[in-house]
Amino acid sequence: MIINTGQRTDIPAFYSEWFINRIREGYVMVRNPFYPTNVTRYKLDPKLVDVIGFCTKNPRPMFKYLDEIKDYGQFWYITITGFDKDLEPNVPSIDQVIDDFIYLSNKIGKHAVAWRYTPIIINQKYTKEYHIKTFEYIASRLAGYTNLVAFGFLDDYPKLKKYHPELVDTDDLTKIDIAVAFNLIAMRYKLNLRLCSKEKWLADYGIDIQGCMRLTDYENSIKQKLNVKKRMEARKNYCACYLSNDIGMYNTCPHLCKYCYANGNQELIINNYQNHDKNSPLLIGHLNDNDIVKDANQESFIVNELTLF
């Protein structure tokens with residue numbers, strides 16, 4: 001099976017000690033975000049967990065634990081955008097994250113590490129030209145250390161409109177200009193460029209729209225074929241990605257990025273973060289008397305008689 005850590009929060013950046021404690025104890029518990037009293041317990045055993053998917057803006061806190069998770073397959077998506085503190089208040093500098101990306105690639109292999117440049121926000125400060133220049137700089141630094149980059153535009157979901165109405169989607173002509181420019185840059189640095197947002201019509205301009213996190217990416221990262229019996233998607237008819245069993249929790253990421261879909265108001269995030277216990281089986285808080293705990297149905301997806309390489 002596949003365990004994911006990054007759809008709801010940034011575990012490597014802020015909860016790495018908790019995560020490694022879960023690895024050491026061999027299990028983790030996760031509340032259902034829609035039915036909070038329903039708790040799922042996952043065994044963390046490399047015989048059952050074929051790949052752990054990480055999605056982070058700061059992988060460095062996990063580096064001291066990499067040897068402890070070396071028996072697990074890993075696939076990392078690292079977001080590097082180059083925004084300033086006005087949009088990403090607590091994200092490390094662009095060059096630090098690039099250096100950490102390169103370190104991780106050298107440690108676990110370039111097929112297991114990919115880059116995300118998303119979301120693209122256009123305003124007077126972050127112009128079309130700014131994004132194209134920044135994208136090329138990052139691509140030039142990461143060339144040879146990954147094969148994959150995903151990009152996407154702002155998703156103006158209701159939560160964003162409520163808390164940050166100043167952040168708005170951009171026009172289609174600008175999106176075309178950026179997509180075409182990014183595609184040329186990606187080809188120059190031998191990167192496979194994929195779209196990670198709703199503009200599927202960009203396929204008419206040569207953009208790969210078939211999802212930024214595919215089952216083949218997990219397979220390439222572990223050099224094994226996976227026979228997955230059930231497909232999980234983020235949103236029907238919107239996201240083509242293969243997602244998995246996420247152990248995170250919404251409204252818990254202290255990066256406090258203004259555009260984040262997984263966070264609400266800052267007070268709630270800080271309150272949740274203060275209720276984090278690195279020794280708890282749950283990311284935030286502890287089990288309650290009325291919680292219903294069920295063990296996940298887990299099995300390895302690896303096809304032992306076949307390999308990709």
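**Figure 1. H255, a buried histidine in a loop of the predicted model.** H255 has a relative accessibility of 3%, so it counts as buried. The cut-off for buried is under 20%. H255 sits in the loop that runs between β9 (245-246) and α8 (266-274). Its side chain makes a polar contact with the side chain of D10, at 3.0 Å. D10 is also on the list of residues that H255 touches beyond four places in sequence. That list includes A13 and F14, then K57 and N58.

**Figure 2. L256 and its positive phi.** L256 lies in the loop between β9 and α8. Its phi is about 60°, a positive value, although L256 is not a glycine. Most residues other than glycine have a negative phi.

**Figure 3. K223, a loop residue with a positive phi.** K223 is found in the loop between α7 (215-222) and β9. Phi of K223 is near 60°, and this residue is not a glycine. What is the relative accessibility of K223? The value is 42%, so K223 counts as partly exposed. Partly exposed covers the range between the buried cut-off, under 20%, and the exposed cut-off, over 50%.

**Figure 4. Q96 in helix α3.** Helix α3 spans residues 94-108 and holds Q96. Is Q96 buried or partly exposed? Its relative accessibility is 24%, so Q96 counts as partly exposed. Leaving out residues up to four places away in sequence, Q96 touches N58 and R60. N58 is 38 residues from Q96 along the chain, and their C-alpha atoms are separated by 8.8 Å.

**Figure 5. L195, a buried residue of strand β8.** Strand β8 covers residues 192-195, L195 included. At 1% relative accessibility, L195 counts as buried. Which residues does L195 contact beyond its neighbours within four places in sequence? They are F151, G152, K200, L202, I207, D208, I209 and C212. P119 is 76 residues from L195 along the chain. The C-alpha atoms of L195 and P119 are separated by 11 Å.

**Figure 6. The cis peptide bond from T118 to P119.** This bond has omega near 0°. Most peptide bonds are trans. P119 belongs to strand β6, residues 113-120.

**Figure 7. The whole protein, as a setting for the close-ups.** The protein has eight helices and 10 strands. Its 309 residues would give a radius of gyration near 19 Å in a compact globule; the protein has 19 Å, so the two agree. Along the principal axes, the C-alpha atoms fill a box of roughly 55 × 50 × 35 Å. Of the 309 residues, 51% count as buried; H255 and L195 are examples of buried residues. Take the contacts between residues at least 6 apart in sequence: 73% of these join residues at least 24 apart. The accessible surface is about 14,600 Å², with 50% belonging to carbon and sulfur atoms. There are 39 positive and 37 negative charges, and their mean positions are 2 Å apart.

Definitions and conventions
Residues numbered from 1 in each chain as written. Predicted model: local features only at pLDDT ≥ 70, side-chain atom pairs only at ≥ 80, totals over all residues. Heavy atoms only, no water. Helix = DSSP H or I, 4+ residues; strand = E, 2+ residues; numbered from the N terminus. Rg over C-alpha atoms; globule rule 2.2 N^0.38 Å. Buried < 20%, exposed > 50% of the residue type's maximum accessible area, 1.4 Å probe, protein only. Contact = heavy atoms within 4.5 Å. Areas by Shrake-Rupley, 256 points an atom, 1.4 Å probe, with all protein chains shown as cover. Lys, Arg positive; Asp, Glu negative; His and termini not counted. Charge placed at Lys NZ, Arg CZ, Asp CG, Glu CD. Polar contact = N/O pair within 3.5 Å; in protein donor to acceptor, adjacent residues only side chain to side chain.
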